Amino acid sequence: MAKPKVAFYWCASCGGCEETVVDLNEDILKVADAVDIVLWPVALDFKRKDVEALGDGEIAVSFINGSVRLEEQEEMVKLLRQKSGLVVAFGACAHLGGIPGLANFCSREEIFQWAYKEAPTVDNPQGIIPQEKVAIDGGELTLPEFYDTVKTLDQTIPVDYYLPGCPPPSDSVMNAVNAILTGQLPDKGAVLAPEKALCDTCPRKETKPEKISITEVKRPWQIKIDPEKCFLVQGLFCYGPATRSGCGETCINANMPCRGCFGPVDGVVDQGAKGISMFASILGIDSEHKLSQEDVNNLVNQIADPGGTFYRFSLASSILRRKRM
Ligand code: SF4
Ligand code: SF4
């Protein structure tokens, strides 16, 4: 019997999600044994025309990581959608926009200006900026359009399932592959991770009091972090209350606060707004110490890079979506 066909594709991403697949170690042999990989640009030499030659829906499942930044990425994910029975948004960037989505705080012109002219490491005396079309030696070279706004995968094509995380842990990838191969999948649109918030599974949850009051916001490098205590109690922003569990508490176990890469729990529309609301509710709540407006401003000013802190992984999927220019 023919094995189910599987594709892996990457859009605007760092390659970490590809690492996760490699991190399956010997399990990757089980995957390779059970499926027929028909596209995996990072590891195998298949071409776009190989995908075009397949029938519609012939690929059982496409795992697509990265957000959609370029015209070429949009074309490829539309092609994969057409050729695939299932599409899984693989990792935080495909799911929520991820770190590349933070570029939505800038315009394309600002990004090009910085990346090709102003950044201190740039050596570009002629100020050359990539062009979509360049005439050269009687011919023409083309580059895909660089869109002004980064999009999530489901803002580009319909997505069947989401595998969250930056990157998704290998065991959740293996569980997803097994679920797909055995047909034991939840309803379409589901995030393939537990519904509970990270605080519910955190090894430090017993040290998180019912009511927390922070009168000073700190950053991890500013203090010696107690490895047993809830980060919030220590004045560090931890995204655990507003983030889905399932990562294995990777950052917590490395004594670093959660940054929210698994995205919000079900029913939360905007993870950043939820994070702001959660954090605002514990800033300076202290019956002994009534805060003045100046105190509040000082506290808020202690949050370095609020946009990057609260919308680190989710700006492109948020209600804001991008900075209004
Ligand atoms: S806020 Fe962070 S450290 Fe505290 S219990 Fe939740 S996940 Fe754990
Ligand atoms: S602790 Fe938070 S940021 Fe770290 S892997 Fe888990 S969900 Fe992602």
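**Ligand shells, pockets and salt bridges in a predicted model**

Ligand 1 sits in the largest cavity, where sitting in a cavity or pocket means that more than half of a molecule's atoms lie within 2 Å of its grid points. The structure is a predicted model, so local features need pLDDT of at least 70 and side-chain atom pairs count only at pLDDT 80 or more, while totals for chains, interfaces and linings use all residues; side-chain values use heavy atoms, with hydrogens and water left out. Residues are numbered from 1 along each chain as its sequence is written, and chains are lettered from A and ligands numbered from 1 in the order in which they are written.

Around ligand 1 come Cys199, Cys202, Lys205, Lys208, Cys230, Phe231, Leu232, Cys238, Gly240 and Pro241 (near means a heavy atom within 4 Å). That shell splits into seven nonpolar, one polar and two charged residues; here Ala, Val, Leu, Ile, Met, Phe, Trp, Tyr, Cys and Pro count as nonpolar, Asp, Glu, Lys and Arg as charged, and the others, Gly among them, as polar. Ligand 2 has Leu198, Thr243, Cys247, Cys251, Cys258, Arg259, Gly260, Cys261 and Phe262 around it, which sort into six nonpolar, two polar and one charged.

The largest pocket holds about 350 Å³, a volume being the space filled by probe spheres set on grid points joined across faces, edges and corners. Of its 17 lining residues, Arg219, Pro220, Phe237, Thr309 and Arg312 are the closest to the centre, and the lining as a whole has ten nonpolar, two polar and five charged residues. (On a 1 Å grid over the protein atoms alone, a cavity is a set of points where a 1.4 Å probe fits but cannot get out; a pocket is an open set with protein on both sides within 12 Å along at least five of seven lines; lining residues have an atom within 4 Å of a point.)

On to charge pairs: the count comes to 13 salt bridges, each a side-chain nitrogen of Lys or Arg within 4 Å of a carboxyl oxygen of Asp or Glu. One of them joins Glu58 to Lys5, with the closest N and O atoms 3.3 Å apart. Glu58 is in the loop between α3 (48-52) and β3 (59-65) and Lys5 in strand β1 (residues 5-10), so the pair ties together parts 53 residues apart in sequence; helices (H or I, at least four residues) and strands (E, at least two) are DSSP runs, numbered from the N terminus. Glu58 is partly exposed, at 35% relative accessible area (buried is under 20%, exposed over 50%, partly exposed in between, with a 1.4 Å probe and protein chains only).

Asp160 turns up in two bridges. Arg81 meets Asp160 at 3.0 Å, N to O, linking helix α4 (residues 71-83) to the loop between β8 (146-151) and β9 (161-163), 79 residues apart. Both ends count as buried, Arg81 at 17% and Asp160 at 8%. Lys188 also pairs with Asp160, at 3.6 Å, from the loop between α8 (170-182) and α9 (198-201), 28 residues apart; Lys188 is exposed at 57%. Elsewhere, shared partners join Arg48, Glu52 and Glu75 into one network.

As for the backbone, most residues other than glycine have a negative phi, and most peptide bonds are trans. The bond from Cys166 to Pro167 is cis, with omega near -5°, and Pro167 is in the loop between β9 and α8. Asp137 has a positive phi near 50° and is exposed at 81%.
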